[in-house]
Amino acid sequence: LTLVMALMLTLSGPVPASDGARARLTNGCTVTARGIPSCGAYVGAAYGANTNVNAWERRMGKKLGVHRTYWGGRNVRSAIRTARADAAHNRLPWISFKAPYSWAQMAAGRGDGWARGVARRIRTVDGPVWVAIHHEPEGEGDIQTWKRMQQRLAPIMRRTAPNLGYTVILM
């Protein structure tokens with residue numbers, strides 16, 4: 001179990017996937033189409049290696065605001081299926097993918113088509129989805145190469161999906 005943020009707020013309804021759309025959190029704060037709240041914060045968790053969290057939420061008597069999941073670069077369909085289920089339960093899906101190629105290859109453009117494909121699928125989710133590509137990179141290679149990969153992928157993915165919030169996660 002990994003807690004993501006500190007204040008329990010959940011979406012009060014689906015967030016349409018257009019940039020101008022607004023939804024509200026349970027505290028009344030508005031949320032952009034990319035899932036950015038105007039005030040407050042979300043609380044969320046990673047649970048049981050991508051396990052469905054519905055039963056856990058029932059046992060807690062609370063809903064998660066964010067559900068963190070982790071996927072390989074070739075597991076996009078499973079990630080999107082989980083994101084759709086989370087959105088249907090008014091949770092913000094926060095998906096981490098390992099890149100399908102090395103950081104250097106991704107920074108050089110080899111993964112551009114993959115990134116567009118992921119973003120096109122995310123665009124079909126009824127609500128915001130946060131994405132991280134290779135989270136917590138410390139000690140796994142040249143951080144400047146990782147940074148170049150992020151700088152290349154973020155604009156591609158954000159341009160393709162107005163409901164996608166591109167994130168980086170450091171330790």
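**Entry 1: overall layout**

Helices here are DSSP runs of H or I with at least four residues, strands are DSSP runs of E with at least two, and both are numbered from the N terminus. With that settled, I counted five helices and eight strands in the protein. I then read the order from the N terminus: β-β-β-β-α-β-α-β-α-α-β-α-β.

Some bookkeeping before I go on. I am working with a predicted model, in which local features need pLDDT of at least 70 and side-chain atom pairs count only at pLDDT 80 or more, while totals for chains, interfaces and linings use all residues. Residues are numbered from 1 along each chain as its sequence is written, and side-chain values use heavy atoms, with hydrogens and water left out.

Next I looked up burial (buried is under 20% relative accessible area, exposed is over 50%, partly exposed is in between, with a 1.4 Å probe and protein chains only). Of the 171 residues in the protein, 51% are buried. For contacts I took heavy atoms within 4.5 Å. Among contacts with a separation of 6 or more, 64% are between residues 24 or more positions apart.

**Entry 2: the aromatic pairs**

I went for the rings of Phe, Tyr and Trp (the six-membered ring for Trp), which pair if their centres lie within 6.5 Å; planes under 30 degrees apart are stacked, over 60 edge-to-face, and the rest tilted. How many aromatic pairs does this rule give? I get four aromatic pairs.

One of them is Trp94 with Trp130, an edge-to-face pair at 5.2 Å centre to centre with 90° between the planes. Trp94 sits in strand 6 (residues 92-97) and Trp130 in strand 7 (residues 129-133), so to my eye the pair links distant parts of the chain, 36 residues apart.

**Entry 3: helix 4 against helix 5**

Two packed helices are described by the angle between their axes and the distance between the axes. My axes are lines fitted to C-alpha atoms, for helices over the stretch in contact, and angles run from 0 to 180 degrees between N-to-C directions. The axes of helix 4 (residues 112-123) and helix 5 (residues 143-160) come within 8 Å and cross at roughly 35°. I logged the crossing as right-handed, that is, the near helix is turned clockwise from the far one by less than a right angle.

Which residues meet there? From helix 4 I listed Asp112, Ala115, Arg116, Val118, Ala119, Arg120 and Arg123, and from helix 5 Arg152, Leu153, Ile156, Met157 and Thr160. Sorted by class, this contact has six nonpolar, one polar and five charged residues. The classes are Ala, Val, Leu, Ile, Met, Phe, Trp, Tyr, Cys and Pro as nonpolar, Asp, Glu, Lys and Arg as charged, and the others, Gly among them, as polar.

**Entry 4: loops and the tail**

I checked backbone angles and stopped at Asn50, which has a positive phi of about 75° although it is not a glycine. Asn50 lies in the loop between strand 4 (44-46) and helix 1 (54-60) and is partly exposed at 21%. Glu136, not a glycine either, has a positive phi of about 50°. It belongs to the loop between strand 7 and helix 5, and Glu136 is partly exposed at 31%.

Where does Leu170 lie? Leu170 is in the segment after strand 8 (164-167). Leaving aside neighbours within four places in sequence, Leu170 touches Glu136, Pro137, Glu138 and Trp146. From Leu170 to Glu138 I have 7.4 Å, C-alpha to C-alpha, across 32 residues of sequence.

Last, Asn75 is in the loop between strand 5 (66-71) and helix 2 (76-88) and counts as partly exposed at 35%. Its C-alpha is 8.4 Å from that of Phe97, 22 residues apart along the chain.
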